[in-house]
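Please examine the model shown below alongside the account that follows.

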Amino acid sequence: MGITFPEGFLWGTATSAPQFEGASTTGGKAEHVWDYWYKKTPELFHNQVGPEHTSDFYHNVDRDMEGMKQLKLNSFRTSISWSRLMPDGSQVNEEAVRFYRYLFKSLHNNGIKPIVNLYHFDMPLSFHKKGGWESRETVFAYSHYACTAFSLFGDLVEDWVTFNEPIVPIEMGYLNDKHLPAIYDMKKAVKAAYHTMLAHAMAVKEFRRQSGVKIGIILNLSPVYPKSDSSADRMAADYADLFFNRSFLDPAVKGTYPDELINWTKELGIVPPVAKEDLAIIKENTVDFLGVNYYQPRRVQQPVKRENGLSLDAYYSSYEWPERRINPYRGWEIYEKGLYDIAVRIKEEYGNLPWFVAENGIGVEGEERFADHNGDIQDDYRIEFISEHLKWLYKGITEGSNCYGYHVWTFVDNWSWLNAYKNRYGLFRLDLNTKERQIKKSGKWFRVLASENELPE
Ligand code: BGP
């Protein structure tokens, strides 16, 4: 006997338009920040492979639908490209409408639920040039885009998501150089994060005005574990949790920012400009569900450098936990119990909100070395990775956590930001030259899992 999941549990894969669609300069699509950045500095991208080199889903919907059926998926999480749907920021691109309607109809016809996200790190270049999330104009433009998408596709899509991992472009773009604008500026980071949250809440408000069915947000929640029980280490963990988890989780689910976060911005003099009506919009427009991306936890200790409050180093330091297991192919820690800890936390601290795993998966550099003589990738490590996470997830569910689905990152190997094709994540292997897809051992295994709704013990 295996482990049986609740009836109707969603078994899906996750991907995003900028990493999967291709056709980055055709079909009327305008440039987004990744197209632009690659054009400017291709050497920053692994093997100089840019966002036009994807599996070209745009021209392969029928073929990939067969792949989804082969995997027995009942859910598919993807995103709409803002710069494709509204290339000039206001007019609708009819070719994009035809493409997305065709996709959502095909999913329906095959019994696969579309979960549709509106934004996956792909800021249209025109808005980036006007300040991106630092500008309130982008907030209104996004809200208009969201409203347009709901009315164009609301008859075909019930489950909507406003943002994927909104903290990532803030952390990687304003406190690091891995996303544009690639600067270090805490004040701008706070402002951009606040505007993203406001844009989210305004989209939820529009959605409810149009009587939409369900809307949520996808957050990368990493449980934070302190190095020791000392108060300094625990305080460091509380800060990391506040910055990386609660800064979006609390306003999205509870409608309010944590007091500690507000006080912190006041102490540093980096309170973002808040208009009179903003906080009421955030308060009144909380989510119906949460999507959670989980890859690895954060392990922290008291700060090594304390002097400068405008640097995160002043609040915590990362540390190497000696017992941690590292994925040798990607360098990330593997800690399956983290998913259980998230499940318990949502139940205990966030009103047992309905939630699903929106991304979980293992990236493997040089995965070709695991191909057998037929070219089939023998990715037993991926089967083990998914199984062990599912066991912990199941424990959370049996203890009452309201989780209703699991999505593997990803369906077909896809392009990923500066890493391009360095790390392969798919249940299908992609041949970058021929665009052929070939099911991996994990794909065949997932098919049984999804069709039986049962994890073999
Ligand atoms: C998540 C993102 C995905 C994907 C994944 C893997 O945070 O939502 O878009 O990129 O990480 O990351 P990477 O390809 O860098 O290993």
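Q48 counts as exposed because 12 C-beta neighbours lie inside 10 Å; a residue is exposed if 12 or fewer other C-beta atoms lie within 10 Å of its own, buried if 20 or more do, and partly exposed in between, with C-beta atoms placed from the backbone. The model is a predicted one, in which local features need pLDDT of at least 70 and side-chain atom pairs count only at pLDDT 80 or more, whereas totals for chains, interfaces and linings use all residues. Residues are numbered from 1 along each chain as its sequence is written. Q48 sits in the loop between α2 (33-40) and α3 (61-71); helices (H or I, at least four residues) and strands (E, at least two) are DSSP runs numbered from the N terminus. The phi of Q48 is near 55 degrees, a positive value in a residue other than glycine.

A182 also has a positive phi, of about 55 degrees, although it is not a glycine. This residue lies in the loop between α8 and α9, and it is classed as partly exposed because 14 other C-beta atoms lie within 10 Å. P181 belongs to the loop between α8 (167-174) and α9, and the peptide bond leading from L180 to P181 is cis, with omega near 10 degrees. Most residues other than glycine have a negative phi, and most peptide bonds are trans.

Leaving aside neighbours within four places in sequence, V292 is in contact (C-beta atoms, placed from the backbone, within 7 Å) with L219, L221, I342, W355, V357 and A358.

Which residues come nearest to the ligand? Of the 13 residues around the ligand, these are E165, G363, S416, N419 and N423; a residue is near if its C-beta atom, placed from the backbone, lies within 6 Å. The shell divides into 2 nonpolar, 9 polar and 2 charged residues, where Ala, Val, Leu, Ile, Met, Phe, Trp, Tyr, Cys and Pro count as nonpolar, Asp, Glu, Lys and Arg as charged, and the others, Gly among them, as polar.

Towards the end of the chain, E454 lies in strand β19 (residues 454-455). E454 is partly exposed, with 15 other C-beta atoms within 10 Å. Not counting residues up to four places away in sequence, E454 touches G2, I3 and T4.

The protein chain as a whole has 15 helices and 19 strands, and buried residues make up 48% of its 457 residues. Among contacts between residues at least 6 apart in sequence, 77% join residues at least 24 apart. The C-alpha trace spans about 60 × 55 × 45 Å along its principal axes. The mean pLDDT of the chain is 97, and 100% of its residues reach 70 or more; pLDDT is the predictor's confidence in each residue, from 0 to 100. For the complex, the predictor gives an ipTM of 0.96 and a pTM of 0.98.

Technical notes. Contact = placed C-beta atoms within 7 Å.
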